[in-house]
Amino acid sequence: MQAFYSHTFMKKKIVIINGPNLNLVGKREPSLYGHTDMSAFIDSLVARYSSSASITYRQSNVEGELIDFIQQADGCDGIVLNAGGYTHTSVAIADAVAACSAPVVEVHISNILAREELRHVSLLSKSAVGSVIGFGLDGYDIAIKYLIDKQ
């Protein structure tokens with residue numbers, strides 16, 4: 001008698017959280033952030049990964065709302081977090097990441113180490129499973145692939 005094994009594939013639940021000014025990607029400083037509209041880019045990610053991941057997108061310019069988003073995503077399969085300028089200044093967001101049980105991948109579109117010195121320190125990196133910096137919007141793709149394949 002031949003054994004039959006059934007494997008139910010569960011989509012990964014991934015939340016992308018973007019911080020201040022990232023709603024302006026495609027319009028703001030295209031030499032640093034490119035010309036692609038963030039909304040259209042997120043739509044393309046959702047479509048690309050629709051068979052393997054359920055992707056939710058949240059963006060805010062308000063620190064407290066970003067903390068709420070992180071706390072609400074606790075328990076999902078992964079968070080892709082680009083906290084923008086709060087990366088370098090927000091102990092409160094760093095504390096939310098540290099308290100979160102979901103793996104967090106920190107993403108930065110530009111190479112923060114090649115920019116102003118104040119951007120060289122990330123308060124989030126200590127609690128993130130990894131950081132992707134300087135690869136433009138492809139950094140989000142790298143982070144999602146990691147969360148799908150490795151977590």
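Guide: A disulfide is a pair of cysteine sulfur atoms within 2.5 Å. In general terms, it is a covalent bond between the sulfur atoms of two cysteines. The model shown here is predicted, and it holds 0 disulfides.

Visitor: How far from Cys76 is the nearest cysteine sulfur?

Guide: The nearest one belongs to Cys100 and is 6.5 Å away. With the cut-off at 2.5 Å, Cys76 is in no disulfide. Cys100 is likewise in no disulfide, and its nearest cysteine sulfur is that of Cys76.

Visitor: Are Cys76 and Cys100 buried or exposed?

Guide: Buried means under 20% relative accessible area. Cys76 counts as buried because its relative accessibility is 14%. Cys100 counts as buried because its value is 12%.

Visitor: Turning to the sheet, in what order do the strands stand?

Guide: Strands of a sheet pair through backbone hydrogen bonds, either parallel or antiparallel. In this model, 5 strands form an open sheet, ordered E2-E1-E3-E4-E5, with parallel pairing. E2 and E5 (130-133) are the edge strands, each pairing on one side only. From one strand to the next, the twist averages 20 degrees.

Visitor: How many bridges join E4 to E5?

Guide: The two strands run parallel and are joined by 4 bridges. Val107 stands opposite Val132 of E5.

Visitor: Which strands does helix H5 lie across?

Guide: Helix H5, residues 138-150, lies across E1 (12-18), E2, E3 (78-82), E4 and E5. Its direction is at about 150 degrees to E1.

Visitor: Which residues does Glu106 touch beyond four places away in sequence?

Guide: Among them are Leu81, Thr87, Ser122 and Leu124. The list also includes Ser125, Ala128, Gly130, Ser131 and Val132. Val132 is also the residue that stands opposite Val107.

Visitor: What separates the C-alpha atoms of Ala53 and Lys13?

Guide: Along the chain, the two residues are 40 residues apart.

Technical notes:
Residues numbered from 1 in each chain as written. Predicted model: local features only at pLDDT ≥ 70, side-chain atom pairs only at ≥ 80, totals over all residues. Heavy atoms only, no water. Contact = heavy atoms within 4.5 Å. Pairing = 2+ DSSP bridges. Axes fitted to C-alpha atoms, helices over the stretch in contact; angles between N-to-C directions. Buried < 20%, exposed > 50% of the residue type's maximum accessible area, 1.4 Å probe, protein only.
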